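The following note goes through the structure point by point. Please keep the sequence and the view of the chains at hand while reading.

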Amino acid sequence: MTIGLPQFLVVSGALLALGLYAIVTRKNAVAMLMGVELVLNAGLLNLVAFSRYGGGLDGQVFALFGIVLAAAEAVVALAIVLQVFRAQRSVDAAKASQLKE
Amino acid sequence: MVSNLLAIGPELALTATIVLVLMADLAIGPRRARRATLLTLSVAGLAAAAAAFALLPEGPTAAFGGLVSGDGLGVFFRGLFLVAAFFGIAFGALSDEVPEGRFGEFSALLLSTTLGMCFLVQAQNLLMILLALELTSLPSYVLAGFRRGDRRSSEAALKYVIYGAAASGLMLYGFSLLYGLAGTLDLARIGPALAAKAASGSVAVRAGIALAALLSLAGFGYKVAAVPFHQWCPDVYEGAPTPVTAFLSVGPKAAGVAALIRFVVVGFGASAASVPAGGLPWPVLLGVLAMATMTLGNLAAIPQDNVKRLLAYSSIAHAGYLLMGVAVGTPDAIRAVAVYAPIYLLMNLGAFLAVLAVRARTGSESIADYRGLGGRAPLLSVCLAVFLFSLTGLPPLAGFIGKFYLFASVLNAGTPFFYVVAIVGVLNSVVSLFYYARLVKAMFLEASPEAAPAIPLPVPATALLAVLAIPTLVLGIWWSPLADLAARAAGIAG
Amino acid sequence: MDLTTQSTLLTWTVFTPALGLAAILALYCLRPILRLSQPAMDQAARGIGLLASIAAMGLSIALWADFDGGSSSLQFIHRFVWMKSWNIEYFVGVDGLSLSMVVLTAFVFLAGAIASLPWLGKLDDHHPHFTKKRVPGYWVLFLLLETGVLGTFAAEDFFLFYVFWEIMLLPMYFLIGIWGAPTRKDPDGRTRGGPYAAIKFFLYTLAGSVLMMLALIAIYYASGPATLADGTQAPHTFNLVHLTAQAHAGTFVGAKAILGIPFVHIVFVALFLGFAIKVPMFPFHTWLPDAHVDAPTPISVILAGILLKTGMYGMFRFNLQIFPTGLAWAAWAIGVIGVINIVYGAFVCMAQKDLKKLIAYSSVSHMGFCLLGLAAATPQAVTGSIFQMVGHGIVSPMLFLIAGVVYDRAHTREIEGFGGLAHKMPEYAAITGFAFMASLGLPGLAGFVGEILVFLGAFSAQGGIFRILVAIGALSTVITAGYYLWTMQRMFLGPFNHRWQHLWDMNWRERLALYPLAVATVVLGVWPTPVFDMVRETVNGLLAALPAGM
Amino acid sequence: MHEAAPVLQDFPLLFLVPLLPLIGAVWNGLAGSAIQRRFGRAAIHVPAVLLPAGSFAISLWAFLALAGQPHGTALYNHLWTWLPVGTLQADAAFLMDRLSGVMALTVAFVGTLIHVYSIGYMRDDPHYWRFFSYLNLFMFAMLTLVLGDNFLLMFVGWEGVGLCSYLLIAFWWRDREKAAAGMKAFVVNRIGDFGFILGVFLLFWGLMTTPASRPVAAAHGGKAAAAQHEEGGAGTCSATGGTSVTFRCVEQLLQDPVKRDRLVNHDIAGVGLITLVCLLLFVGATGKSAQIPLYVWLPDAMAGPTPVSALIHAATMVTAGVYMVARTHFLYTLSPVAMTVVATVGALTALFAATIGLFQYDIKKVLAYSTVSQLGFMFLAVGVGAYWVGIFHLMTHAFFKACLFLGSGSVILGCHHEQDMRKMGGLRKLMPITAVTYFLATAAIAGFPFFSGFFSKDEILWKAFDSGNILLPGGGMILWAIAAVAALGTSFYMFRSYYMTFSGEYRGAAGGAGGPALQAAGTDPAHGPHDAHGPHDAPGALDAPGALDAPGSNVGRGPLTPPPDAPGSLDAHGPHDAPGSLDALGSNVGRGPLTPPPDAPGGHGHAHVPHESPWSMTGVLAALGFLAVAGGYVGLPHLWHLPNAFEAWMEPVFAGTAERVTSAGFGHGVEWGLMGFSIVIAFGGFFAARWLYKDAANPVPARLLASGSRLVQGVHRVVFHKYYVDEAYDATFVKGSLGLSRALAFWDTRVVDGLVNLAGTIGCAFSFLQGAIDRVFVDGMVELVGRAVQDAGARIRRIQTGRIQAYVQGLALGALALVALAYLLAW
């Protein structure tokens, strides 16, 4: 069967689900960031797919900007993870739970 | 071309200031008064940005091909953000949590957040919204973790970054679906397109629209800290340095609300008065969201004994009140939100300033250490009492006027559902008295523990306190200038 | 009717205490410069406070002097536009009802001020008497409270009324909280004391007043067009005079039924509940005993003497004046609850062990008469209700001052603990006997006139139910006599309880606070005509609008 | 014939009659103790006696002026409008017509005499000034009641005398019993007033709602009074049907036939309006004049000083009820039912009180029950419509009852405050004047021919017998029979008290402890310890014949008095200050008028032998004794074809309703027969008492009691304990109301304290989750609401686990929930 818009949507939906699953289950902060990346890419994939099948180049432009944004976010996130590591000698997000009720 | 540049004059000034501050930070050696010069530089930049307002082209002109709309709502909130930035930086200068050496970074980051907020408020295009949201969020992640050595600050930053990234990821996914369905990124044209699709489309399409709209709501919800998306707020507010918390509770929250207004009203043309486009019952949805946010914020604040956490929940509650106005969506309601936002800014910043001063002297944030403050720091405690009672919404203080506008617009919305919202809102202000009065009780009605030190206020802090307290009192009695300003905010480019 | 500004005397009366307050604050801020010592500052604060109260009293007497009893329209009007965006005006005016309350307020606040002066007699100083604790703060809040109350009675613009109504809350919270009794555990382990009572009072009243805010907004949007002070035309209005005219003409433009219930009924109930909490009406009265037990004496005096009347005044001004049809619809219900107030309060008094709680519940019982009078809505009943407000406003301060006298000496108000006090404190026993007689409605004293008129008026009200209500209500005269005399018996008569050997009789400060009230009680009881002349036209005006059925 | 409205003759000085004693009361009240300390007793009692005397003089002058006027005139004095509200018009105005003239004269005269008597009686009491202040205050209140022009002013006097009786009964407030008696009197009076005021409301409502058919001609007497805003001057009844509450205006309105019929047959719950009004007013009368069922306070009122008992509880206050019924005769005659009720209650009370009087040993108790009984006679008189006879008996009774009480007072003073007749005897020799006057008064009350009591009481019996208004089967005759038996009882117990006190040897303290065999069968073991009675032993201690009277029982306790907390012996009155100490008067500087004093010091240090009282007391006794005899000649029976001045004097007042009072039409023969019969009754009682009690050693009474069967024993005990009415009231009303109030107070603090509290609605949702219903009753809703809100907060806090994964989970779930909500809402 030919690859059409629905297939792309399914893949991006899967990506989204995987990304969220990764964030929710992985204890390691870096792994969670990877999950975030997956979620972002799902969105971008969608955009490109709609642009391709829906006509208009806006989607493509949006995707480009999206990629840059994802990168910027990754940088900042990793810097913070570094800082957390330096503060508590581990990147385990579960251990970073001093702030609670 | 020139008119486009002029349209974003203030933003340009801000950008220039950021660059200058960074370069000055490098240029100034360790010995000279780093903090003072950088402070004056930043304030000068803000002043320049404020001056740039005068150059704005008349009337609501969309610049950069519809990316940015210079309408009344945008102008009003941009002015508000400049004020918020000024106080944020001033608090940073005062607080000991921002070391002398890194004050440059602090103000640069803060100004860039302000830049992001200014764009967020005007963004008329999905892409622009996402960009502005990210520009607002990223520097604030770093600001949240500003105290490098402290575990709690870095933990706050970590939570903030992961939660923020996830939320904006969802929003991006929502936007992509919206783009898919509507075929355009421009908010103004999305509404009609969706309406057409919803009218003709099958149930699946309508479900798609709902999914798209609600997922994009996640982004705004996270920024405003509305109920399902609020869980990051208490931890980050407690962990972050107090000046940052103060700024976060005022600046980005207001930007989120303004952006939500534009997204819902312009994007979906939804307001209590008109039939919602795209079949989404926005007023009821946002109404439920508002009620949930208010109730959770007020109830959770009661058992708190850490003042910053208490103010965190209180700011969630106030986000609920603002959402009530957004839910109604009529020009009256938007004007009410525009009136409430600055008053909320004054009260909240005032409260945080007091917390800052007490923390600077006693190093603690627990209510127990506020016992007998009335005796030890009379001026500070009286001002804090004024802010707290204004937050509750008691006349003759400004808080009452804000709430009065909001409830008036909600009651005037006409549909019976909003009477329920009004009653829940009113009951919430009564419950809010529970915890605000607990703090006041600690300060005035209980004796101070023996070893409690007196808390003298440094002169600049007293000045700032006065700058915040006096309008809270005056606006309670004579608020017509604010009302006129806010009236312009209601003029949204349709 | 033209509502142009006639004179600013009323504004001066309302804001004289505010001037005093500003003077104290200024003095407090200039303290370091003027190098004032703490006692000197306290003395100055007391002086200014007393002076402001006396000035307010003088001005209210001046108001009364040239008040024309013949006309039922507003007098001493002072009106200008305050907030153009919401068509809010600063509009103050006085008719018979408001004037009687303004004069009563000034008089009781003067008595309260005198009772707040430091103790002249022998006092053990190891725990400071409330008159010596944070004195400038006390007087600032005291005067703020007075301005709030005077403003509430004088305001003729709904928004202004609401602002003054809420201004009363803040000072009361601090006055009860800071200068009230320290926090303690009562026998059931529940926390009681000044702070508890203060927050309970604040919560109850705030809950009521937020309901009123919703009603305020609903009425504003329902009101029709009206002209502002500066002549401009406004789509809606807060002006009470215009609102009344529009309500009576039935031209509430936006008045739409909500969920099927007619607009008038909903707004009537919302306003009524807001005021009922303050009266206090039966189910919402439980804050009063706690507030009274833990408040300092002068604050109890003001709370019982004046603040309860703001609730009733609100009912007359809003429920009766603007929504007579609402009153006609709810009259029998208010009447029934009024009688419950009377009889329930009287019975609960019988079982009280604490003297102040007994007087508090007796206030609940006496305010029930006002409710019954309002519900009956005949000339005698309404005049009787207003007179009962004035009469009770004189007698209950006396009772609380009396409770204060014994508490300051013996530090307990346990009725059973005393016995044969008349032996050591004969003059005190005499004035207490007099106050008890006035309160139980002995003819010839102020308490009797209000009661008799309310009963007479209610007896001839429309509807058979009122006659039954009066019969039940009149029963309370017996129960009231019962618990007052039984208290007199247990505290003052019988063999002397030697535990109180150290007590001493009344001193000049207490006499100065109590005797003017006693004289007023006798004068009002024997010669009540001045009050009747003052309110006669207003009552006729209020009742003229009642639908024929009432 | 229709009596035109009374012509109002202005008499400017009339207001002085009540005002003078008021001045005395205020003067002595405020400055009394200082004056007494500096200028001695004379400075107190001189003004205190002169002022009532002055008011007596003025009322006499007014009385004579009234006599000079034509029949229908009344003296009127308008002071100021008291309650001008809407249609209601109540003025502070005094009116003296012939009825209130007689009353005012009696009150003022007897009052002044008793003031003189009190000088001697209260000589040793440190609170001399306070006593006279209260006595003057009482005179003011009684004169206001009598001269009051309208119902409301009369009510002021009505409650004023109730207040004064409270103050004077509890004059020696140091003793808990006496204070309790005072409270009992006031509260029971208050119950009566409750009925009275309801009657006034009903009348006022009746008049207001039934419009007058034709404008009533307002009679304008010569009027100099300032014309009030009400047209036609202050005194007139406004013609516009405006309801003035004055007696004469109501009488005038009732003369309009249309209005009268509408009022009579205007039924409320099946009872005619007028009947209901009369019955309610009568409830007030029973409260004030101590008739069944509200008489319980009068015997306990004997706790007050004897002059008080004489003035208030014999001569004046208790007759207020009779005066009220006479004053509102135009109402009562309209309702035969009401008249029957009044007459029947009067007769029954007469008999009931007489039976109790038979067995009392305390001399004042005997006189108290005799008063209740005589009042019963007066109500019988007014009940059958013979109003002037009721007032006549009221006047004669005032004379001889005052004489009896004052005689008993002098006896008590002589025997060092001994009130138990068993400890007296033989006083005829030791106190001759008291004895003679006491005998004269006893003869008068018993109804000896040619004494005042005979004329008035016999006339009552005749009028009762001959009355046609009574709806009972057999009409007046039944009432006559009851009254006759009561009269017999009266004569018996009065002479019993005379002989036990005055004949035989002195059995007082000097006569040795334990008293002679005359005592009732069971010697009273519990009696011994009480004997150490100080001057004012509790009344309970005296009438304790058998072991019944467990120490500390609440015999003689009023309905509202809680049982004394000292369970031990009848509280031995705490330490008396030694008589000598007369604690320095200085300690009570600046005493207020109502201050009860430290206890009056003990008896005076005379030798134990009783002696005659000083002239100030015996002089008064002589005067009253003379009046007890001569008083009756004012109202000689028609039978003797002699002019009856009293009836002629009162006739115009009651003319308006005269024709409705019918007689059964018995001839003169029957009247002679009845008169003879009542003489027989009088002498019968006299000889029986003389036989039983003249010789103290006569064993017959003791043997009668001992030998009698258990039935007689039982009857004796029941009657002796006043049919246990006090205890019954105590158990039902007092315990009932106290129990109810405690239950309501508990309910108030526990449940209502937040049940309806507005904030409660917020917390409710959460509270029910934790099954908190049971906690509602532990500490009330407010605490529950407070905690519910806090619990809710705590719950919500717990979702802040601190772990970021949980947060993002919340984020995702939240978003999905919103989508679901949107989907749900949209479609």
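**Note on the structure**

1. The secondary structure of chain D comes to 31 helices and 5 strands. The model is a predicted one. Of the 827 residues of chain D, 57% count as buried. Among contacts in chain D between residues at least 6 apart in sequence, 79% join residues at least 24 apart.

2. How many residues of chain C are in contact with chain D? The number is 55 residues of chain C, which are in contact with 59 residues of chain D. On the chain C side, the elements that give two or more residues include helix H8 (194–222), helix H13 (324–350), helix H15 (379–410) and helix H21 (529–544) of chain C. The largest share of this side, 12 residues, comes from H19(C), a helix that spans residues 465–491. By type, the residues of chain C that touch chain D divide into 38 nonpolar, 13 polar and 4 charged.

3. Chain D is also in contact with chain B: 35 residues of chain B are in contact with 26 residues of chain D. At least two residues of the chain B side are supplied by each of helix H7 (151–182), helix H9 (203–224), helix H10 (232–239), helix H12 (282–301) and H18 of chain B. The residues on this side of chain B divide into 31 nonpolar, 2 polar and 2 charged.

4. Helix H18 (residues 416–445) of chain B also packs with helix H7 (residues 169–179) of chain C. Two packed helices are described by the angle between their axes and the distance between the axes. Here the axes come within 10 Å and cross at roughly 50°. The crossing of H18(B) and H7(C) is right-handed. The residues that meet are B:Lys441, B:Phe444 and B:Leu445 in H18(B), and C:Phe174, C:Gly177 and C:Ile178 in H7(C). They divide into 4 nonpolar, 1 polar and 1 charged.

5. Within chain C, helix H12 (residues 297–320) packs with H15(C) at an angle of about 160°, and their axes are 8 Å apart. The crossing of H12(C) and H15(C) is right-handed. Among the residues that make the contact are C:Ala304, C:Gly305 and C:Lys309 of H12(C), together with C:Gly393, C:Pro397 and C:Phe400 of H15(C). The residues of this contact divide into 8 nonpolar, 6 polar and 1 charged. H15(C) is also one of the elements that give two or more residues to the side of chain C that touches chain D.

6. The last point concerns two strands of chain C. Strand S1 (residues 75–83) is joined to S2(C) by 6 bridges, and the two strands run antiparallel. The bridge partner of C:Val81 in S2(C) is C:Glu89. S1(C) and S2(C) form a hairpin with 4 residues between them. In the turn, C:Asn87 has a positive phi of about 50°. Is strand S2 (residues 88–94) of chain C mostly covered or mostly exposed? S2(C) is mostly covered, with 6 of its 7 residues buried.

Technical notes: Residues numbered from 1 in each chain as written. Chains lettered and ligands numbered in written order. Predicted model: local features only at pLDDT ≥ 70, side-chain atom pairs only at ≥ 80, totals over all residues. Contact = placed C-beta atoms within 7 Å. Nonpolar A, V, L, I, M, F, W, Y, C, P; charged D, E, K, R; others polar. Buried ≥ 20, exposed ≤ 12 C-beta atoms within 10 Å, placed from the backbone. Pairing = 2+ DSSP bridges. Axes fitted to C-alpha atoms, helices over the stretch in contact; angles between N-to-C directions. Left-handed = near helix turned anticlockwise from the far one by under 90°.
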